[in-house]
Amino acid sequence: MAEEVKLLDFWPSMFGMRVRIALAQKGVAYEYIEEDLRNKSPLLLQMNPIHKKIPVLIHNGKPICESSIIVQYIDEVWNDKAPLLPSHPYDRAQARFWVDFIDKKIWATKGEEHEAGKKEMIEILKQLEQVLGEKDYFGGESMGIIDIALIGFYSWFYTYETIGKFSIEAECPKIISWGKRCLQNESVAKSLPDSRKIYDFVVQVQKAMGII
């Protein structure tokens, strides 16, 4: 029986980007379904009735929700190539810790314009620079789940910097070099939208909301 894989997603979502990269790394063919989050589809409401959010991976009719859980599921199901989690239980636990850190810390700042928000984001990225150390990737010599968890935010950095009027590269050059290195990976390059396209989208949303 042929596997049926669908992804309910929204193109600017840094969480959806994770799933797209993971599927690309594994070479999994899937049907991409773009959601209108202002008018959520019956399929999305049926497949994620609890949170009603994207991304949702539908594998042979069964939904998997929450991006970090989806990426781990992909790694377990399609385990014949490109492992995303370390093999050792301790290293896996550490990787999960930092993915959780990224989700709770960076997402919470949302690239705020306020000085406190900008300062907090830089502090978080500096902590991640320490974790990265001198390695090419958080996963070592190849991309792993921490890299996949963070790289979607990298595509939003231009928006954060432009709106907040600050430079991430000036404060965290190692993270920017890491991001450029990740973009050399075909799975990442084809899964991340252009940074300026995200900025234009955010400006349109802010205008619609009367923020600018």
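Helices α1 and α3 are roughly parallel to each other (an angle under 35 degrees), because their axes cross at roughly 5°. The structure is a predicted model, in which local features need pLDDT of at least 70 and side-chain atom pairs count only at pLDDT 80 or more, while totals for chains, interfaces and linings use all residues. Residues are numbered from 1 along each chain as its sequence is written, and side-chain values use heavy atoms, with hydrogens and water left out.

**Helices α1 and α3**
- The axes of α1 (residues 14-26) and α3 (residues 67-77) come within 9 Å; helices here are DSSP runs of H or I with at least four residues, and strands are E runs of at least two.
- In α1, Phe15, Arg18, Val19, Ala22, Leu23 and Lys26 make the contact (heavy atoms within 4.5 Å).
- Their partners in α3 are Ser67, Ser68, Ile70, Val71, Ile74 and Asp75.
- This contact has seven nonpolar, two polar and three charged residues.

**Helices α5 and α9**
- The axes of α5 (residues 115-132) and α9 (residues 173-182) come within 8 Å and cross at roughly 65°.
- These two helices are therefore roughly perpendicular (65 to 115 degrees).
- Leu125, Leu128, Glu129 and Leu132 of α5 meet Pro173, Lys174, Ile175 and Trp178 of α9.
- Six of the contact residues are nonpolar, none is polar and two are charged.

**Annotated domain**
- An unreviewed UniProt entry lists residues 3-82 as "domain: GST N-terminal"; such annotations may be inferred rather than shown by experiment.
- The span 3-82 is 38% helix and 21% strand, and its end C-alpha atoms lie 19 Å apart.

Notes
Axes are lines fitted to C-alpha atoms, for helices over the stretch in contact, and angles run from 0 to 180 degrees between N-to-C directions. Angles under 35 degrees count as roughly parallel, over 145 as roughly antiparallel, 65 to 115 as roughly perpendicular and the rest as oblique. Ala, Val, Leu, Ile, Met, Phe, Trp, Tyr, Cys and Pro count as nonpolar, Asp, Glu, Lys and Arg as charged, and the others, Gly among them, as polar.
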